[in-house]
Amino acid sequence: MTYDRLVCANCAAPVSQGRCPVCRANRERLQQEGPFAGLNPMALIALMAVLVAALALVARAA
Ligand SMILES: [Zn+2]
């Protein structure tokens, strides 16, 4: 889905420019409909941190 032409109801600027918090929230929500739908960026970062920690433990044990 494209949001390039979506105009914000709050600041009347294109949502893709992210000029106000409403724009940014809408942009984020629309971007989550992409290939990573349902994947929260913070969850991804946490997952990466867990993986790195596990790798460090394995490397230390070896
Ligand atoms: Zn806006």
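**Ground rules**

I number residues from 1 along each chain as its sequence is written, and I keep to heavy atoms for side-chain values, with hydrogens and water left out. As the model is predicted, I ask for pLDDT of at least 70 for local features and 80 or more for side-chain atom pairs, while totals for chains, interfaces and linings use all residues.

**Whole chain**

I started with secondary structure and got 2 helices and 0 strands.

Next I looked up burial: 13% of the 62 residues are buried. My cut-offs are under 20% relative accessible area for buried, over 50% for exposed and partly exposed in between, with a 1.4 Å probe and protein chains only.

The accessible surface comes to about 5000 Å², and carbon and sulfur atoms hold 65% of that. Those areas are Shrake-Rupley values with a 1.4 Å probe, and for residues only the protein chains shown count as cover.

I also checked contacts, meaning heavy atoms within 4.5 Å. Of those between residues at least 6 apart in sequence, 17% join residues at least 24 apart.

**Zinc site**

Which residues hold the zinc ion? I find Cys8, Cys11, Cys20 and Cys23, each through SG, at 2.1 to 2.3 Å. A donor here is an N, O or S atom within 2.8 Å of the metal (3.2 Å for Na, K and Ca); water is not among the atoms, so a site may look incomplete.

Along the sequence the donor residues read C-x2-C-x8-C-x2-C. The angles among the 4 donor atoms run from 99 to 116°, and the site is tetrahedral. For four donors, that label needs all angles between 85 and 135 degrees.

I looked for disulfides too and counted 0, taking a pair of cysteine sulfur atoms within 2.5 Å as the test.

**Cysteines and their surroundings**

Are Cys20 and Cys23 buried or exposed? Cys20 counts as buried because its relative accessibility is 8%, and Cys23 counts as buried at 0%. Cys11 is partly exposed at 30%.

Cys11 sits in the segment before H1. Setting aside neighbours within four places in sequence, I see Cys11 in contact with Arg19, Cys20 and Cys23.

Ala12 is also in the segment before H1, and I noted its phi near 60°, a positive value in a residue other than glycine. Ala12 is exposed, with a relative accessible area of 60%.

**Helices**

Pro21 lies in H1, which covers residues 21-31. Pro21 is exposed, at 58% relative accessible area. From Pro21 to Cys11 I get 9.6 Å, C-alpha to C-alpha, for 10 residues of sequence separation.

H2 covers residues 41-61, and its end C-alpha atoms are 30 Å apart.

Conventions:
Tetrahedral: all angles 85-135°; square planar, octahedral: opposite > 155°, others 65-115°. Helix = DSSP H or I, 4+ residues; strand = E, 2+ residues; numbered from the N terminus. Expected span 1.5 Å × (residues − 1).
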